[in-house]
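Student: I would like to learn how to read a structure feature by feature. Where do we begin?

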Amino acid sequence: MESVENLAFLDIDHLLPSPLCLMDFGIERRENKNYDYDNSDRGYYIGYLFQFTLGGCGMFEAGGTQTVLDKGKCFFLPFPHKSRYHIIENEYWKFCYVHFHGTVADQFYEEIVRKAGGNLFSLSNTGETVPYLLKEIESVRMGKTYQRYEAGSFLYQFLCSLLREVEEQTMPAKNCAVRGHEWLERNFTSDRSLSEMCEELHVSLSHFSRQFRDVYGTTPMKYLTHLRLEFSRQLLLNTTLNIQEISRRSGFGNGNYFTKVFRKAVGMPPSQYRALHGILL
């Protein structure tokens, strides 16, 4: 059964020059053959459209090429655009979408399409962009209303997430993991978190963790703990620093936490390990 759940509303930011203005968004399931759009002349339909396939499939045509957009595939278009999308006979097409415009929208569009290699691309099932959009659609469906600038704030976060996800998917896995590995080797003694590292490397923590595990066979956190433990061993065996100071210099911070982690890894507390293996200074 064909269903439409598009949420169109007046974005009050539309009344002023706005960097990003949300026009409408929603979830739709289309079966009717009349669902067919020639984007070269959409009249009043201006700005940009992002549309992601949740189920079924649709057809996208551009430059003499036809592409089936099944689950996980999407398009990102400006209007007007020399393309067409429509229902495939005897198929349904379920998708979510967001339609917007604004003074900085073109900058996001150009960068995302450049990184993605075109207007058509796929997004990972484990990514953050589509769940973020679906959550916002559900919030508005349940009665959320936007105050001034809130819709623009949502769009900014959405487009940043989309750009980040596209970058991550086009980044060679080894390069991503190796850069993170090098960062950990340089910074393991600091109290900086993995989330801070990922912000610096412009990659999401979930994506980096997958790539790191694929390349090195362990998780970033386990490797970070390994580096800190090895350094703490050297301090235990070759210095007279107390446990709290060794904990701090090794990146563990808290002495109790350090002792707990050390005991679990080595089978004895740091003080006992020092007594058994340390050299007399």
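**Reading the features**

Tutor: Start with exposure. Asn 90 counts as exposed, because its relative accessibility is 76%. Keep in mind that this is a predicted model.

Student: Where does Asn 90 lie?

Tutor: Asn 90 sits in the loop between β7 and β8. Look at its backbone too. Phi of Asn 90 is near 65°, a positive value in a residue other than glycine.

Student: What is the phi of His 202?

Tutor: His 202 has a positive phi of about 60°, although it is not a glycine. The loop between α5 (194-201) and α6 (205-216) holds His 202. His 202 counts as exposed because its relative accessibility is 55%, and the cut-off for exposed is over 50%.

Student: Now omega. Which residues does a cis peptide bond join?

Tutor: The cis peptide bond joins Phe 79 and Pro 80, with omega about 0°. Pro 80 is placed in the loop between β6 and β7 (84-87). Lys 82 is also found in the loop between β6 and β7.

Student: Is Lys 82 buried or exposed?

Tutor: Lys 82 is exposed, as its relative accessible area is 76%. Lys 82 and Ile 246 are 164 residues apart in sequence. Their C-alpha atoms are 64 Å apart in space.

Student: What does Asn 39 touch, beyond residues up to four places away in sequence?

Tutor: Asn 39 touches Leu 77, Phe 79, Pro 80, His 81, Ser 83, Arg 84 and Tyr 85, with residues up to four places away left out. So both partners of the cis bond, Phe 79 and Pro 80, are on that contact list, by the rule that contact means heavy atoms within 4.5 Å. Asn 39 itself is found in the loop between β3 (36-38) and β4. Asn 39 counts as buried because its relative accessibility is 0%.

Student: How far apart in space are Asn 39 and Leu 237?

Tutor: They are 71 Å apart, C-alpha to C-alpha. In sequence, Asn 39 and Leu 237 are 198 residues apart.

Student: How many residues has the largest nonpolar core?

Tutor: The largest nonpolar core has 32 residues. Phe 50 and Phe 76 have the most contacts inside it. Now see which elements supply this core. At least two residues come from each of β2 (21-30), β4 (48-62), β6 (73-78), β8 (93-101), α1 (105-116), α2 (129-141) and α3 (150-170). The largest share, nine residues, comes from α3.

Student: What is Phe 76 in contact with?

Tutor: Leave aside its neighbours within four places in sequence. The contacts of Phe 76 then include Phe 50, Phe 100, Tyr 109, Ile 112, Phe 121, Leu 159 and Leu 162. Another core lies apart from the largest one. That other core has 15 residues, among them Leu 184, Met 197, Val 203 and Leu 227.

Student: And pockets?

Tutor: Here is the general idea. Rolling a probe the size of a water molecule over the atoms shows where empty space is left. In this model, the second largest pocket holds about 180 Å³ of space.

Student: Which residues lie nearest the centre of the second largest pocket?

Tutor: Leu 224, Arg 228, Gly 251, Phe 252 and Tyr 257, out of 15 lining residues. Helix α7 (residues 220-238) gives the largest share of the lining, four residues. By type, the lining divides into five nonpolar, six polar and four charged residues.

Student: What does Val 261 touch?

Tutor: Val 261 touches Thr 225, Leu 229 and Phe 252, not counting residues up to four places away in sequence. Val 261 is found in helix α9 (residues 255-266). Val 261 is buried, with a relative accessible area of 15%. The C-alpha atoms of Val 261 and Leu 235 are separated by 16 Å.

Terms used
Residues are numbered from 1 along each chain as its sequence is written. This is a predicted model: local features need pLDDT of at least 70, side-chain atom pairs count only at pLDDT 80 or more; totals for chains, interfaces and linings use all residues. Side-chain values use heavy atoms; hydrogens and water are left out. On a 1 Å grid over the protein atoms alone, a cavity is a set of points where a 1.4 Å probe fits but cannot get out, and a pocket is an open set with protein on both sides within 12 Å along at least five of seven lines; lining residues have an atom within 4 Å of a point. Grid points are joined across faces, edges and corners, and a volume is the space filled by probe spheres set on the points. Ala, Val, Leu, Ile, Met, Phe, Trp, Tyr, Cys and Pro count as nonpolar, Asp, Glu, Lys and Arg as charged, and the others, Gly among them, as polar. A nonpolar core is a set of buried Ala, Val, Leu, Ile, Met, Phe, Trp, Tyr and Cys residues joined through side-chain atoms within 4.5 Å. Buried means under 20% relative accessible area, exposed over 50%, partly exposed in between (1.4 Å probe, protein chains only).
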